[in-house]
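Subject: Structure for you to look at

Hi,

Here is the structure I promised to pass on.

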Amino acid sequence: MKKIILFVIASLLLIGCNAKEEKQDIKDKPITDLSIYNLPEKWTNQDGKDIELKELRGKVLVMVMIYTSCKAACPRLVADMRNIEAKIPEEYKDKVQLVLVSIDPTVDTPKRLKDFSIENKMTGNQWVFLRSNEENTREFAAVLAVNYKKISPIDFSHSNIISVFNAEGELTFQQEGLGVSYDKTVSKIKEEAAKIE
Amino acid sequence: MEAQFIKRFHYCLILLSWVSICFSQVPEDMVTIGAGSYVPLYGTSDKKPVYIKSFLLDVYPVTNQEYLEFLKKNPNYRKSKIKRLFANTTYLSEWSGDLSFGQLNATAPVTNVSWFTAKEYCECQGKRLATLDEWEYVAMADEKRKDARSREEFNKYILSWYEKNKTYNNSVGKTFKNYWGVYDMHGLVWEWTFDFNSIFLSGESRKDKDTDKDLFCGSGSVNATDLMNYAAFMRYAFRASIKANYTTKNLGFRCAKDIAN
């Protein structure tokens, strides 16, 4: 009996692992090798809605990782994101999605993200705020080459990187540091948005 | 009266030992790492100790043979199938095929694996990668002490290994067994940790200080707590230099597991 139970558990585990592997993309075109849409994890946005990254496919993504209680670099990063957004020409606006991902999922609830978006005047459809659990966040940071660590109950140290992804979800440009010129970032966004029909 | 008491006492003992067998089952080839605190080289503000909860850790790094078994069940992680997002072009570069590790030693640690593939391997075993703080906590033990970091011979041993080449094709379990019963924390391969991407090196270590302040929010508060520990510095510097899809010849991994309540 014990053996049977163990066998059942073992086969369930196998199915669990294999199911994840064999999952096929529902969209017509296969996801490319370097696409972030290979990541299956679920996220929650500022409206409390669950989304998969894949749902953002087809748009240029401008991404940054922040936490809302940050007092040092994040306000500048957020300002950078707003400035970048302001420089996107009208014709490309609906082809670009600006995404702010929280590295502090415990504090940054959907409500908190919503409040933050209102305070920072980032309420249009072009703005998406995402949070997940600690593990998914760590994995996502690994993809973005963003380093972060909780250094006290309310503070994190983290890299200041803004990343641009093309419509396929491939990383095409990264701006690193604070107070750097974002001209290159904007021109990369325009270049990638122009490729979208 | 006394006899009855002794009898009862015996029953209690039997019951207790039965309970402890049932509830303290440690999976094969894992050992329990006891809880404790220590001050890591990097990553805490004001030299505050970090607290490590008790957890389970693999006695040995994952071997080529074990990784092969994983690949048999997970075709998408084979050399020819893996997506570049998850592992770069040197993934399993010394393997002769999707399901053959070629000239490599079956009981040597699997290397040329990325963070993503190591993490998936552990998850498929119902385990996880150890956190950086957990890994360093276990790595500071020598044969007899939980914390041998201040011992000169211990540091010399580690540093002399860093100068050696090609230990990656040695079998696991040939270096010393540490205080916790874990082998190969030093002397075989370097290992992935779950939050390897949490490290910030500031000051003279990589870039000049002013640049670093702009690159890292809050970097001013993360500083070396023990610059004497050069051996640990080497590991932190290495981790800070790699990305999650990188693979190298001298970098393997082992898995950890939470202790169920």
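**What I found**

In chain A, seven strands make an open sheet with mixed pairing, in the order β2-β1-β5-β4-β3-β8-β9. Its edge strands, each pairing on one side only, are β2 (50-52) and β9 (171-176) of chain A. On average, neighbouring strands of this sheet are turned by 30° against each other, direction ignored. Two strands count as paired if DSSP finds at least two bridges between them; helices (H or I, at least four residues) and strands (E, at least two) are DSSP runs, numbered from the N terminus.

Before going further, the bookkeeping: this is a predicted model, where local features need pLDDT of at least 70, side-chain atom pairs count only at pLDDT 80 or more, and totals for chains, interfaces and linings use all residues. Residues are numbered from 1 along each chain as its sequence is written, while chains are lettered from A and ligands numbered from 1 in the order in which they are written.

Chain A has five helices and nine strands, following the pattern α-β-β-β-α-β-α-β-α-β-β-β-β-α along the sequence. Of its 197 residues, 38% are buried (20 or more other C-beta atoms within 10 Å of the residue's own; exposed means 12 or fewer, partly exposed in between, with C-beta atoms placed from the backbone).

At one end of the chain A sheet, strand β8 (residues 161-165) is joined to β9(A) by five bridges, and the two run antiparallel. One residue pair to look for is A:I161 with its bridge partner in β9(A), A:E176.

Two helices lie across β3, β4 and β8 of chain A: α2 (residues 74-86) runs at about 165° to β3(A), and α4 (residues 134-144) at about 120° to β3(A). Axes here are lines fitted to C-alpha atoms, for helices over the stretch in contact, and angles run from 0 to 180 degrees between N-to-C directions.

Then there is helix α5 (residues 183-194) of chain A, which has twelve residues. A:T185, A:V186, A:I189, A:E192 and A:A193 are its buried residues. They sit on the same side of α5(A) because they cover an arc of only 130° around the axis (taken from the directions from the helix axis to the C-beta atoms). A:D183 and A:S187, on the other side of α5(A), are exposed. The cover over the buried residues includes β3, α2, β4, β8 and β9 of chain A.

Beyond its neighbours within four places in sequence, A:V62 is in contact with residues including A:M81, A:V99, A:I162 and A:I189; contact means C-beta atoms, placed from the backbone, within 7 Å.

In chain B, four strands form an open sheet with antiparallel pairing, in the order β1-β4-β9-β5. Its edge strands are β1 (30-33) and β5 (128-129) of chain B. B:L129 has B:C255 as its bridge partner in β9(B).

Finally, B:Y121 lies in helix α3 (residues 115-124) of chain B. Why is B:Y121 buried? Because 25 other C-beta atoms lie within 10 Å of B:Y121.

Best wishes

Conventions: Expected span 1.5 Å × (residues − 1).
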